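User: I would like to go through this model with you, starting with the loops. Could we first settle how the elements are named?

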Amino acid sequence: MAASATTSTLAVTMFGYPNRNCHLKPPATATLRFWRSAAAAAVATSRQEAEAEEADEVRRCLAPARLEVLEQMEPWVEAHVLPLLKPAEEAWQPADLVPDAAALGADGFHAACVELRGRAAGVPDAHLVCLVGNMVTEEALPTYQSMANRFESARDVTGADGTAWARWICGWSAEENRHGDVLNRYMYLSGRLDMRQVERTVHRLISSGMAMHAPASPYHGFIYVAFQERATAISHGNTARNVRAHGDDALARICGAIAADEKRHEAAYTRVVERLLEADPDTTVRALAYMMRRRITMPAALMDDGRDADLFAHYAAAAQQAGTYTASDYRGILEHLIRRWRVAELEAGLSGEGRRARDYVCALPQKIRRMEEKAHDRAAQMRKRPTAIPFSWIFDKPVDVMLP
């Protein structure tokens, strides 16, 4: 968040818009028109350059030789990725983690729900907002399965292919499907949330789709999902710790179970990228640098409740404030993946562009850390106060967040 705000401020300054704290006279109308035209031209040029770069990425990563790498990985996926899935008979199901009326009977179910509500009453509104954001993200699973099926040579072409790649996509989706289900049931039983508004948000998010800001290549796609699975595991794990501290052990078990699934899925996608780096290091590290330059966007960035035009930004600010998912977590994920994939050690098989990509990626965490420190110092100097933001999910009650 801080990085985006900093970038915006720099852009405005570069294009000559006056700083509101300076004592210069505002520019004449003709001058202002000039700067506005210059800014518009620069934005158009930047967009054209980005489109040209993406087209080049597509040509490079979807070349027959690049796709052949994925096709040759099929036996490896069978042996090293598919075993990370759990069969339905062994996997936990939502009914294991929330009260089940059929199993408990009327009186037992009522008593269990009263106990669940009692524990849920102690969870602060800020943590509930983060919980809903996590649940909305999980419920947009149809979008994510569609995204995975964009990856050439690693997709389910017919919807019921027998390839290892196709079986992974279906099995992964089946496991992910439980996450939104169990969170939805818990929230419904808790009585703390406006479920109609939550459901409308899910509806709108699935209708809006998702902007990954990356070519439809398996190289970029698997890097993106490896990053996101770790981010999701962190978010659910932090939520589990936060709500346990406020006495809701049942919700902590739910979030902990989801986090454990996400860690297995992270392991699978991380292994795939590791294998790609071994088989085609130049293409893979350049794809990694491309993704980092574009930034890894969150899958629910298009969430919309029909009321708050900046819902995702406000949710992200609440997550930062509550310690559910922070800018430091983003940097930490990047540092972890660089170590895990041994990016700094890559040398053989790299072109000049590949070496520059490697160096860029390895230097990025320190650059992000410096930006965090500068943003923190600016916030301390400005002595900013939290802003009360109403969230429709909790009946328009306000949550204090620090906005950029």
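Analyst: Helices are DSSP runs of H or I with at least four residues, and they are numbered from the N terminus. On that basis, arginine 295 sits in the loop between α12 (281-294) and α13 (311-322). Please note that this is a predicted model.

User: What is phi of arginine 295 near?

Analyst: Phi of arginine 295 is near 70°, a positive value in a residue other than glycine. Most residues other than glycine have a negative phi.

User: Is arginine 295 buried, exposed or in between?

Analyst: Its relative accessible area is 34%. Buried means under 20% and exposed means over 50%, so arginine 295 counts as partly exposed.

User: Which loop holds serine 153, and what is phi there?

Analyst: Serine 153 is in the loop between α7 (141-148) and α8 (164-190). Its phi is near 65°, which is a positive value in a residue other than glycine. Serine 153 is partly exposed, at 21% relative accessibility.

User: Changing topic: which residues does UniProt list for "binding site"?

Analyst: The unreviewed UniProt entry lists Glu138, Glu176, His179 and Glu262 under that heading.

User: Why can one say that they gather at one spot?

Analyst: They span 125 residues in sequence, yet no two of their C-alpha atoms are more than 11.1 Å apart, so they gather at one spot. From this set, Glu138, Glu176 and Glu262 belong to the lining of the largest cavity.

User: Where is glutamate 138, and what is it in contact with?

Analyst: Glutamate 138 is found in helix α6 (residues 125-139). It is buried, with a relative accessible area of 7%. Leaving aside neighbours within four places in sequence, glutamate 138 is in contact with Glu176, His179, Gly180, Thr232, His236, Ile258 and Glu262.

User: And what does glutamate 176 touch?

Analyst: Not counting residues up to four places away in sequence, glutamate 176 touches Glu138, Leu141, Glu229, Glu262 and His265. Glutamate 176 lies in helix α8 and is buried, with a relative accessible area of 6%.

User: Last topic, the largest nonpolar core. Which members touch the most others?

Analyst: That core has 104 residues, and Trp168, Tyr186, Met187, Phe222, Met303 and Phe391 touch the most other members. Helix α11 (residues 249-279) gives the most to this core, with twelve residues.

User: What is tyrosine 186 in contact with?

Analyst: Setting aside neighbours within four places in sequence, tyrosine 186 is in contact with Val98, Leu116, Ala120, Leu131, Asp248, Leu251 and Ile254.

How values were computed
Residues numbered from 1 in each chain as written. Predicted model: local features only at pLDDT ≥ 70, side-chain atom pairs only at ≥ 80, totals over all residues. Heavy atoms only, no water. Core = buried A, V, L, I, M, F, W, Y, C linked by side-chain atoms within 4.5 Å. Buried < 20%, exposed > 50% of the residue type's maximum accessible area, 1.4 Å probe, protein only. Helix = DSSP H or I, 4+ residues; strand = E, 2+ residues; numbered from the N terminus. Contact = heavy atoms within 4.5 Å. UniProt positions renumbered as here; feature names shortened; annotations may be inferred. 1 Å grid on protein atoms, 1.4 Å probe; cavity = no way out; pocket = protein on both sides within 12 Å on 5 of 7 lines; lining within 4 Å.
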